[in-house]
Amino acid sequence: MIRDHAVPRPVRSALALFGVAGAVSLAGCATADAGGAGAASDTSAGYADGTYSASGAYQTPESVESVEVTVTLEDDVITAVEVVGDPQARESQRYQSQFIGGIADEVVGKRIDEISVSRVAGSSLTSGGFNKAIEQIKGEAAA
């Protein structure tokens, strides 16, 4: 049977193309929603309780320095922190000492995933080494 009143071929092709594009768009929305729901339910990293240590290096204008960081975790919260420096330059000795004197006030009592230290007691470069050590600790403590 041949229909003489059918929709012209270019119009049918355009409609088919819109249909495919719409289906692809809806599929993309479904994927984004599924990912968003998974991310929302994954708010707790679930770190194992315990005491962890790691070192973190950082660059100063004079040298490469490092700090040894030890934290105690309970329910993903830092309950104690100890930082030990090994300054190679005299300037670093001063800044590491200031950092060590103030870091407990910045991180104890906070969830480990929520801390990102940028400056403690005037020391900003030491924070880079500290944050690197915390990332290592998070990797070790991940359940």
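At 1.5 Å a residue, the 17 residues of helix α3 should span 24 Å, and the 25 Å between its end C-alpha atoms agrees with this value; the expected span is taken as 1.5 Å times one less than the number of residues. The model is a predicted one, in which local features need pLDDT of at least 70, side-chain atom pairs count only at pLDDT 80 or more, and totals for chains, interfaces and linings use all residues. Residues are numbered from 1 along each chain as its sequence is written, and side-chain values use heavy atoms, with hydrogens and water left out.

The chain contains 3 helices and 3 strands, arranged from the N terminus in the order α-β-β-β-α-α. Of the 143 residues in the chain, 27% are buried; buried denotes under 20% relative accessible area, exposed over 50%, and partly exposed the range in between, with a 1.4 Å probe and protein chains only. The accessible surface of the chain is about 9,000 Å², and carbon and sulfur atoms account for 55% of that area. Where contacts (heavy atoms within 4.5 Å) connect residues at least 6 apart in sequence, 54% of them join residues at least 24 apart.

Helix α3 contributes a set of buried residues, namely T126, S127, G129, F130, N131, A133, I134, I137, K138 and A141. This set packs against strands β1 (50–59), β2 (64–74) and β3 (77–85) as well as against helix α2. K132 also belongs to α3 but is partly exposed, with a relative accessible area of 47%. Beyond its neighbours within four places in sequence, K132 is in contact with G56 and A57. A polar atom of the K132 side chain lies 3.2 Å from the backbone oxygen of A57. The C-alpha atoms of K132 and Y58 are 8.7 Å apart, although 74 residues separate the two along the chain.

Side chains of opposite charge can pair when their charged atoms come close. The structure holds 4 salt bridges, each defined by a side-chain nitrogen of Lys or Arg within 4 Å of a carboxyl oxygen of Asp or Glu. One of them joins K138 to E135 at 3.3 Å, N to O. K138 and E135 are 3 residues apart in helix α3 and therefore separated by about one helical turn. A further salt bridge pairs K138 with D113, likewise with an N to O distance of 3.3 Å. This pair links distant parts of the chain, since D113 lies in the loop between α2 and α3 (125–141) and K138, 25 residues away, in helix α3. K138 counts as buried at 14% relative accessibility, whereas D113 is partly exposed at 38%. Through shared partners, the salt bridges unite D113, E135 and K138 in one network.

Another salt bridge is found between E91 and R94, with an N to O distance of 3.6 Å. Both residues lie in helix α2 (residues 90–107), where a spacing of 3 residues corresponds to about one turn of the helix. E91 is partly exposed, with a relative accessible area of 39%, and R94 is partly exposed as well, at 44%.

How values were computed:
Helices (H or I, at least four residues) and strands (E, at least two) are DSSP runs, numbered from the N terminus. Accessible areas come from the Shrake-Rupley method with a 1.4 Å probe; for residues, only the protein chains shown count as cover. A polar contact is a pair of N or O atoms within 3.5 Å; within protein, one must be able to donate a hydrogen and the other to accept it, and residues adjacent in sequence count only if both atoms are side-chain atoms.
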